[in-house]
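Please open the structure in your viewer and keep the selection tool at hand. The stops below go from a whole chain to a core and then to a sheet.

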Amino acid sequence: MRPDSEDDLAAMIRAASGPLRVTGGGTRSRPAAGEVLDLRGLAGITLYEPEALTLIARAGTPLAEVEAALAAEGQMLAFEPDPRPGSTIGGVAATNASGPRRLSAGACRDAMLGVRFVTGTGEIVRNGGRVMKNVTGYDLVKLLAGSRGTLGAITEVALKTAPIPPVRVTLRLDGLDDARTMAAMMAALSGPYDVTGAGRLPEGGVVLRLEGLPGSVESRAKALSAALKPYGHAEIVQGDADFATLRDFAMAAQGPLWRIVLRPSQAEAMLAQLPGRHAVDWGGALIWAEAPPDWHPALRPGARASRVIGAPAMLPEPDAVTARLTAGLRAKFDPRGIFGGQA
Amino acid sequence: MQMPAPDAGVIARRDAIAARLSAALADPAAVITDPTETRAYECDALSAYRCPPLMVVLPSTTREVSAVLRICHEENVPVVPRGAGTSLAGGSMPTSDAVIIGLARMNAILEISAEDRLVRVQTGRTNLSVTGAVEGQGFFYAPDPSSQLACAIGGNIAMNSGGAHCLKYGVTTNNLLGATVVLMDGSVVELGGPMGEGAGLDLLGVICGSEGQLGIVTEATLRILPKPAGARPVLVAFDSPVTAGACVAAIIRSGILPVAIEFMDRPCIAATEDFCGAGYPDCEALLIIEVEGTAPEIEEQLTLIREIAEGFALLEFRESGSDEESRRIWLGRKSAFGAMGVISDYMCLDGTVPVSRLPDTLAGIGDLAAKAGLRVANVFHAGDGNMHPLILYDANKPGDLERCEALGAEILRLCVEVGGCLTGEHGVGVEKRELMGSQYAPADLEAQMAVKDVFDPGWLLNAAKVFPLAVSEARRGARRGQDAA
């Protein structure tokens with residue numbers, strides 16, 4: 001099924017009896033049963049005001065179209081979603097897809113100002129709005145961000161945009177072991193350098209990104225290089241191509257892939273147990289790890305891991321109260337359980 | 001202010017309920033029933049509306065909050081959570097059958113991790129003292145509501161508080177990584193996690209800003225940031241508020257992101273001059289723009305801002321050359337609310353509009369005020385469109401408060417019409433509850449109430465807030481065994 005309007009979509013959901021699988025470009029979906037409900041017919045940017053840093057687009061609008069419209073005005077999505085070919089903005093929102101700049105600029109959910117969605121009973125609901133600050137009523141925008149279509153089919157998203165910084169440089173340190181990798185990132189992130197990306201490439205090499213006005217970037221790069229002296233000579237590279245490598249790691253992965261979110265202070269111990277190719281992002285708070293199907297990470301308290309390519313797995317299991325609340329919300333927004341299996 | 005009729009049955013059982021609560025707490029004196037003492041809790045910063053609570057409980061731990069809520073749940077007693085009582089929207093205003101759970105004793109720092117750039121606190125801790133605990137290590141907590149000396153983190157989370165510097169650093173929800181939440185039935189749940197990510201749905205995101213209606217947050221993990229190398233404000237004076245508003249949009253459009261852009265108009269400037277003598281220029285409107293960084297970085301940004309501002313018929317561009325000059329530039333802005341209070345009673349609104357609509361919204365507010373025959377002063381966070389029109393009135397003049405409230409409602413409807421919202425950072429509380437229908441359709445409110453149904457099925461927790469009373473009546477009535485139809 002492929003609705004052409006929000007009303008169409010609501011009617012289709014009301015009429016549906018079996019499970020539905022809400023999709024956009026299908027680039028971030030997990031395997032699930034159900035009839036495909038393709039939202040790519042709900043497309044188009046409905047409002048873009050660069051001077052208000054605001055863009056509103058229907059869910060089926062290709063991410064590439066959004067990025068192109070923004071780039072034409074010198075703006076971008078600060079949360080840096082990976083540009084999977086065919087990906088839609090609704091899919092980005094429904095999976096809270098967020099790249100390396102999440103470290104400083106926040107996730108997709110932090111840039112989402114408003115949503116429209118259709119619940120499992122076919123109700124059209126609007127929440128949030130298009131302004132930067134809004135505490136009017138509950139923040140269902142956050143609830144829908146990353147909900148993977150389990151509470152409703154997102155039909156429209158209002159996003160906060162950001163100026164493209166005029167200058168970008170990458171500071172690169174090579175030859176550091178795990179302990180010194182983490183110590184170098186911590187030094188960079190604890191000082192007044194305004195680092196907008198911090199990670200370690202799959203081939204090794206700690207990368208730190210600085211962005212902004214030319215004079216500012218130059219002076220911060222100098223100060224940061226000096227602060228990193230104990231870790232070796234930081235090579236300063238123009239641009240930030242290394243961060244595209246980090247951002248796109250999951251797209252390029254071979255075989256089963258784990259996404260591990262943890263405290264940076266837990267990263268060194270985690271890195272020591274990884275069985276294969278991996279990358280570090282978010283200053284050590286995100287680790288991507290390729291691993292054989294029978295491998296599971298041993299997690300310290302608070303850390304979370306999910307296998308995003310291969311047999312789905314999530315560690316640890318949600319606690320009883322979280323599970324009860326989640327089930328309760330799903331029962332309210334989708335009482336017939338037609339938004340089946342994407343949890 | 002209409003509030004639901006209190007439950008006489010609960011009031012009649014007051015002493016028995018107090019005895020059960022005292023028995024559950026390590027310090028029996030943490031339960032307060034003496035009417036002279038509970039009077040201190042009859043209102044928050046929306047002091048026009050008051051009602052002493054049934055009793056006040058001041059627990060010291062998450063475990064005690066859990067025990068208190070479990071008992072209140074069993075006894076079917078309404079509960080109103082309270083941080084420091086600085087809500088401008090009546091978020092912690094009680095009813096006479098309600099138990100207030102105050103967080104005042106829960107102010108411990110539980111953990112500081114420079115390595116993970118976070119601090120974990122009990123939520124009775126004041127906002128400013130969080131920064132106080134981490135600044136020795138070179139960090140700060142970014143959200144800075146103007147009440148930050150007094151307001152509690154728990155209240156900040158309930159209202160998703162903002163502040164002057166959120167243009168760059170975001171509001172509470174963007175700086176909250178985790179929370180320990182006690183639900184109305186006493187169950188305790190840890191939400192969030194590293195980078196704020198929890199298991200599955202973003203329950204932390206929906207708790208933040210839910211005005212204490214879904215659970216009581218007892219502990220919070222907050223993101224801390226390295227202190228910037230320096231900061232410097234400039235003051236830019238204009239001959240019209242509309243020009244100042246247009247200049248804000250041009251600065252945002254240029255790609256420079258100052259940490260703060262604050263706006264004041266003539267009535268507000270005049271009042272603050274009389275109050276604190278900050279030495280502001282004689283002008284129709286001014287902007288205070290603050291940028292951060294090292295000295296050369298600050299210069300670079302200010303040069304660009306000056307170039308933009310010069311395109312808008314500016315009267316003066318006053319750069320701070322010292323800490324003392326910076327202090328004086330901020331002095332009038334920081335004194336604005338106090339200064340207005342000296343010359344008049346006022347009501348402070350909190351609507352947000354798209355930055356692109358600032359000039360015509362300012363003009364529209366002027367028209368509405370003239371029509372109503374009331375004066376309005378404007379002082380607000382212009383960079384993110386979060387307006388704070390102050391409507392001046394005379395509380396001793398019969399009918400003036402009502403005229404003021406009617407004008408306030410019209411201004412907020414104007415904010416919604418131009419694409420904005422009723423409240424940007426103060427919250428809905430009781431104050432704007434009845435206006436919710438101007439921003440949200442019935443289905444939108446129903447979806448929000450469905451969330452409360454899940455977290456607090458009995459609608460015991462702060463239930464007479466946020467939603468228009470008529471809209472939430474069936475759910476609240478069901479608690480009392482009334483006809484829910």
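What follows is a short tour, with something to select at each stop.

This is a predicted model, in which local features need pLDDT of at least 70 and side-chain atom pairs count only at pLDDT 80 or more, while totals for chains, interfaces and linings use all residues. Residues are numbered from 1 along each chain as its sequence is written, and chains are lettered from A and ligands numbered from 1 in the order in which they are written.

Select chain A, whose C-alpha trace spans about 65 × 50 × 35 Å along its principal axes. Of its 343 residues, 55% count as buried, that is, with 20 or more other C-beta atoms, placed from the backbone, within 10 Å of their own.

Next, select B:V248, B:L286 and B:L287, the residues with the most contacts inside the largest nonpolar core, which has 249 residues; such a core is a set of buried Ala, Val, Leu, Ile, Met, Phe, Trp, Tyr and Cys residues joined through C-beta atoms within 7 Å. Leaving aside residues up to four places away in sequence, B:L287 touches several residues, including B:V236, B:I261 and B:A382, where contact requires C-beta atoms, placed from the backbone, to lie within 7 Å.

Finally, turn to the open sheet of four strands in chain B, ordered β1-β2-β4-β3 with mixed pairing; strands are DSSP runs of E of at least two residues, and two of them pair if DSSP finds at least two bridges between them. β1 (31-32) and β3 (79-82) of chain B stand at the edges with a single partner strand each, so one side of each is left without a neighbour in the sheet. β1(B) pairs with β2 (residues 55-57) of chain B in the antiparallel sense over two bridges, and B:V31 stands opposite B:V57 in β2(B).

Terms used. A residue is buried if 20 or more other C-beta atoms lie within 10 Å of its own, exposed if 12 or fewer, and partly exposed in between; C-beta atoms are placed from the backbone. Two residues are in contact if their C-beta atoms, placed from the backbone, lie within 7 Å.
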